[in-house]
Amino acid sequence: MSTVYRFGPSVPIQCHAWSSDRSALAISHNDNTVEVHQKGPGGWKQTEVLAQHDLRVNDIDWAPKTNRIVTCSADRNAYVWVQGPDGKWKHTLVLLRINRAATCVRWSPQENKFAVGSGARIISVCYFEQENDWWVAKHIRKPLRSTITTIDWHPNNILLAAGSTDFKVRVFSTYIKEIEPKPAATEWGAKMPFTNLMAEFSNSPTGGGWIHAVSFSADGTRLAWVGHDSSIAIADAPNGMVMMKLKTSLLPLLTMTWISPNKIIAAGHDCVPVLFTVDSAGRLSQGPRLEDGTVIEASVTSSAMNMFRNKDRVGQELLDSKLSSTHQNQICSLRILDGSKEGATRISTTAGDGVLVMWDLQTLSAKIQDLKL
């Protein structure tokens, strides 16, 4: 079962993030603002617009414990937003010291730092310096050689996975001795000074497409990613960093997350979330879609005027064809709504059609056998 919400006109929703109790939502309509919506008895109501960026907002993350929002934008800046006693959001500029767009951002699990990927071939790891009362950015540069498109944190608050447009997925250490104790050894390695490269994986020996999303499993032992070659892959740290890759017949996937220790939900240009299963040997298999996404043929009764107008505008005679899926455009962002990576019961997706959809996985599991968590 899915629930659909529309916030204003049909403008693409680039990214979204939830508050800890899921009563508030932050979204960006592919522009330089972030809208904060509050759920009330009468539905969702816009309570504030965070309008500090000059260019398009590329990503948002909402820290559940400290109730802070971080945003990053093509204007090369990041802002940390804190809600005051009056309910208004106050911003603090974070100097990332980059000369290209900031592309992705995520709070660490302990929320004492966050990471920002960028087109400057740099990952900025930012933490708050109490003495000077400002956010400080430390850089991870080598061996990055292209735009960072996606990041995700390991549960230990130290390791950070990053995917980029050079078809590589890398795991770095972000240990900052000024704010955190020395980390314990993990399956990814024991020596973890700042910027240390713990692991590197190529999506394919011959290329394999940009990396669109990365996600650590709940226990941090496995790392999954999706690429622009319509593939999904997993690296298994305890089993000698062995990598398993599955080439699918789908259109490219853009976003993903673990929803249980052996199940992944991914979505992208097919407009429908798809389930993937990992067996005990680490082998990937494609499961069912959350709904059927076939095309409903267009009616042939359109007028001659509409036909010629459409041919002149986009080179097609008919623009009335419609997908039977809930989303009518590519899914850009996917978040866990209820539960965690250990076991999610609801997820939310936003897409280029300007719609937010909440998917109840427990209800859908009654219809889809392989979806049982």
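Predicted model: local features only at pLDDT ≥ 70, side-chain atom pairs only at ≥ 80, totals over all residues.
Tutor: Residues are numbered from 1 along each chain as its sequence is written, and side-chain values use heavy atoms, with hydrogens and water left out.

Student: What makes Lys113 and Glu180 a salt bridge?

Tutor: A salt bridge needs a side-chain nitrogen of Lys or Arg within 4 Å of a carboxyl oxygen of Asp or Glu. The closest N and O atoms of Lys113 and Glu180 are 2.6 Å apart, so the pair qualifies. Searching the whole structure turns up twelve salt bridges.

Student: Which parts of the chain does the Lys113 and Glu180 pair tie together?

Tutor: Lys113 sits in strand S11 (residues 113-118) and Glu180 in the loop between strand S16 (168-173) and strand S17 (197-202), so the pair joins parts 67 residues apart in sequence. Strands here are DSSP runs of E, at least two residues long, numbered from the N terminus.

Student: Why is Lys113 called buried?

Tutor: Buried means under 20% relative accessible area, exposed over 50%, and partly exposed in between (1.4 Å probe, protein chains only). Lys113 comes in at 0%, so it counts as buried. Glu180, at 7%, is buried too.

Student: How do you know whether Glu200 and Lys168 are buried or partly exposed?

Tutor: Set the values against those cut-offs: Glu200 is at 38%, so it is partly exposed, and Lys168 is at 23%, so it is partly exposed as well.

Student: What makes Glu200 part of a network?

Tutor: Glu200 meets Lys168 in a salt bridge at 3.7 Å, N to O. Glu200 also forms one with Arg170, with closest N and O atoms 2.9 Å apart. Salt bridges link Asp166, Lys168, Arg170 and Glu200 in a network. Arg170 itself is buried, at 3%.

Student: Why are S1 and S28 called edge strands?

Tutor: The open sheet has four strands in the order S1-S30-S29-S28, with antiparallel pairing. Strand S1 (2-6) and strand S28 (331-340) each have a single partner strand, so one side of each has no neighbour in the sheet.

Student: How do you know that S28 and S29 pair?

Tutor: Pairing takes at least two bridges found by DSSP. S28 and strand S29 (residues 343-351) have eight, in the antiparallel sense, so they pair. Gly339 stands opposite Ala344 in S29.
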